[in-house]
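Colleague: I am new to reading models like this one. Could we go through a helix and a strand together?

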Amino acid sequence: MSNAIHRALAAQLGDAVTLDPSGLPRVAPASTDALATALGVANEHQWRIRIEGNGTWMPADAPADLTVTTRRLDRITSIASADLVATVQSGVAIGTLAQSLAAHKAWLALDPPGAPERSIGSVLATATPGPARYRFGTVRDHVLGTTVVTGDGRVVRAGGSVVKNVAGYDLTKLQIGGFGAFGVIADVNLRLRALPAARLLLTATGALDPLFHAGRALVDAAIDATTIELLSPGVTNRADWMLIVELAGTEAGVDAELARAAALAPVLRPSPEAQAGVTNALAQAFLEGAISLRAGALPPSLPALADAVESQLGPGRMSLGVGGGGFRWAGNAAVPDLLEFRRSLAEQEIPLTIERAPWPIRSAVGHFGAFREGVGTLTTRLRAVFDPSNILTAPLEGQRDG
Amino acid sequence: MSPSSDLRDALAAIVGARWVKTANAERRTYEADGLPTHASVPMLAVLPGSREEVIAIIKLLAERKVSWVVRGAGTGLSGGALADHATVLIPLTRLNRILSIDPVSRRAVIQPGVVNAKLSEAAAPFGLYYAPDPSSQAACTIGGNVAENAGGPHCLKYGTTTNHIVEIEVVLADGTVTRLGSPQGESWGPDLVGLFVGSEGMFGVALEITTRLEPTPAAVRTLLSAFDSVRAASEAVSAIVASGVVPAALELLDRACVAAVENSIYAAGYPTDAEAVLLVELDGTRASVDAEAPVVEAILHRFKAQSVRSAETPESRAKLWQGRKKAFGALGRITADLVVQDAVVPRSTLPGILDTITEIGERHRLLITNVFHAGDGNLHPVICYDQRDPDLRRRAILASREIMEACVAAGGTITGEHGVGSDKIDYMPLIFDETSLATMCAIRKVFDPTERANPGKVVPVHSCREWRAGWVA
């Protein structure tokens with residue numbers, strides 16, 4: 001079977017088709033058209049597809065007949081610095097992108113977990129923001145448009161490359177956090193920000209509760225911060241929790257906010273020397289352990305959520321969005337414990353999403369698990385629009401819910 | 001078609017007879033929205049007073065196989081809330097209760113008929129406000145804003161409606177009720193809130209909406225600057241954005257618009273001898289505003305601003321903003337009818353596109369004036385004409401199309417915040433190919449397989465007919 005698939009694809013796509021280390025055919029299209037050809041052929045033969053980016057986030061372990069990787073879709077098509085818009089192919093590494101943008105005095109105000117080699121397509125498909133979501137929003141708030149190839153090889157464009165756009169339904173939103181269930185993202189138009197003139201990291205270490213209250217004091221006083229986040233000891237490899245607050249803006253603006261922040265939360269100290277270490281810890285910590293998950297919890301429920309996750313899943317590594325809510329945990333856990341944890345959160349109306357896990361776990365638990373009433377029917381129909389033969393391997397629902 | 005008395009009676013049994021409007025004069029009050037070029041009288045209008053009544057109406061219309069259109073305050077500018085003689089109109093203006101405000105998590109739960117500005121008023125005692133601020137915010141409803149993904153001047157810094165809605169309870173066209181999203185904003189599954197916002201009333205009816213609220217900025221400063229060319233003003237806009245300062249708003253009015261404002265009761269003290277007036281609003285902490293204002297002022301002077309004036313008191317700022325927000329009303333004094341167009345271009349192409357719009361106006365012998373969200377590249381060319389003159393009307397429509405084509409050619413789009421509705425439907429193929437349009441049709445059918453919710457809007461019908469792929473009904 002593998003050889004037949006390899007031959008059939010190689011006839012159309014030449015050296016874009018190889019065998020991966022496990023002997024599975026892997027196609028690495030270098031253009032949207034080639035990606036559409038690969039998916040069209042796969043759809044014709046009903047081959048199950050595993051979607052990969054650069055192979056640094058989701059384990060490449062979904063059972064499939066064929067891997068489609070976006071790693072050769074690695075071009076930064078344009079950076080329009082005057083418009084603060086970039087168009088990039090989905091396989092572009094986030095580290096490479098950040099460097100290129102910096103040369104244009106711009107940045108993508110997203111700080112997702114994962115290695116610098118992680119693809120922007122992976123960040124979109126899993127919708128994994130970082131602490132800067134407090135000021136700049138989650139992944140959805142940075143994406144202006146997408147080009148997607150559906151499971152049957154159609155090329156669908158949504159949105160555009162301007163910062164405001166309400167022409168047609170906002171199909172882009174479906175791709176962000178869709179885990180590949182609604183097609184393979186080929187390219188993306190991103191909203192950028194001008195690099196701020198000054199940035200300053202403040203940190204404090206200690207126990208969770210007092211740091212949480214210190215952070216909330218800043219929120220209540222509307223301190224102009226990009227990040228107000230609590231990191232568990234596992235993230236920074238320290239004995240205590242760490243509150244991180246980042247100020248950004250003009251030099252004078254940052255100085256003034258520093259003074260206000262220090263008055264409101266005297267435990268906070270400017271820690272410019274810690275910037276690189278914290279950035280690195282945030283990127284790496286959520287790759288450790290087999291699983292990374294996020295929960296949509298509002299700020300008041302975060303301390304109790306941290307306790308609950310520690311007792312039900314273990315301490316792992318946690319990041320708490322003190323400012324606007326949001327919670328991330330990485331570690332190891334068994335399927336029954338994850339299901340029970342998700343159930344306990346659902347009772348509090350808190351959704352839980354599995355962002356990264358080995359196939360046996362994500363297929364059993366599902367990225368989203370059981371849907372709310374009505375949402376499951378809509379999701380199934382939406383999948384059928386984008387993948388009529390159901391060849392894209394994306395376990396949104398679990399097999400062991402309920 | 002006159003409504004069957006049977007349908008009228010069945011609706012009256014749900015909402016009470018006084019809330020079913022069947023008389024010709026009553027129905028005609030709903031024949032248009034804020035766009036004068038399109039009109040259509042609905043079969044009847046039914047005004048529910050509760051969530052339960054909305055659900056009952058939708059279920060009844062599903063059983064009777066009758067199409068329907070939901071309407072907010074009717075301030076839309078794309079003919080999006082028009083219903084024809086075979087279609088029931090459902091204004092939601094009676095569903096105007098703010099159900100709760102959570103000042104700690106900065107969330108409000110509201111009914112869809114709540115007027116945009118009323119939410120900010122209700123949140124003000126908590127030091128909070130609702131950020132999206134369409135120019136019609138004193139009248140438009142948040143349900144309508146959700147349908148259109150409405151914007152406004154302050155969306156430059158704070159984003160449009162979609163960035164501020166976290167959870168929606170909806171009733172689908174078959175009467176199914178479901179909740180999308182969560183109070184924090186994380187979704188239960190795919191981002192169906194993101195898909196629903198901006199779906200122009202074609203996916204279902206929002207019954208209850210949870211919004212974000214933002215802290216009221218401690219300091220706000222509005223700078224009024226005058227330029228001797230629109231080009232210089234728009235170049236200053238790009239330079240301000242590239243400087244790293246993110247103004248709350250960056251609005252541009254051209255000479256004709258300024259003249260109309262200054263000759264009206266909304267006179268704001270804009271300089272009438274300038275070719276362009278640029279409003280720059282900075283907000284945030286006192287220190288950040290103090291630090292950013294000199295940066296912006298230096299840029300304005302670098303681009304040869306004739307004058308720069310600063311307004312800081314609430315009264316003086318309100319006056320400056322009144323001129324901007326009431327500009328369309330002021331223009332109404334100088335022309336019998338006007339079409340407020342809506343298109344977006346990459347900010348860097350603004351100077352060229354404004355020249356093109358002037359040229360289009362001259363060629364069609366039409367006054368086209370500009371008042372727009374310059375920071376977003378979101379243009380609002382205002383075409384002045386007289387609806388009673390068929391030739392003028394024809395030229396206004398031709399000019400509209402040429403403006404759209406020019407904006408698309410510049411890398412832009414056909415609508416930034418008003419929606420497609422009836423008005424822009426023919427322009428959709430300018431920006432989307434058949435495959436993408438057909439996919440939109442299929443998505444609409446996921447939510448509404450019978451296509452009874454706001455029929456005939458957004459996607460050209462021929463694109464839907466050509467849809468052949470095997471989506472599941």
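Colleague: Which residue just after helix 3 of chain A takes a positive phi?

Modeller: This is a predicted model, so local features need pLDDT of at least 70, side-chain atom pairs count only at pLDDT 80 or more, and totals for chains, interfaces and linings use all residues. Residues are numbered from 1 along each chain as its sequence is written, while chains are lettered from A and ligands numbered from 1 in the order in which they are written. Helices (H or I, at least four residues) and strands (E, at least two) are DSSP runs, numbered from the N terminus. Just after helix 3 of chain A, a phi of about 55 degrees is taken by A:Lys105.

Colleague: Which residues does the face of helix 3 of chain A turned away from its buried side carry?

Modeller: A residue is buried if 20 or more other C-beta atoms lie within 10 Å of its own, exposed if 12 or fewer, and partly exposed in between, with C-beta atoms placed from the backbone. In helix 3 (residues 94–103) of chain A, the buried ones are A:Ile94, A:Leu97 and A:Leu101. They fall within an arc of 55 degrees (directions from the helix axis to the C-beta atoms), so they line one face of the helix. The face turned away carries the exposed A:Gln99, A:Ala102 and A:Ala103.

Colleague: Why is strand 16 of chain A largely enclosed?

Modeller: A:Ile291, A:Leu293 and A:Ala295 point one way, A:Ser292 and A:Arg294 the other. Strand 16 of chain A is largely enclosed by the rest of the structure because, of its five residues, the number buried is five.

Colleague: Which residue in strand 18 of chain A stands opposite A:Leu293?

Modeller: Two strands pair if DSSP finds at least two bridges between them. Five bridges join strand 16 to the antiparallel strand 18 (residues 327–331) of chain A. There, opposite A:Leu293, stands A:Trp329.
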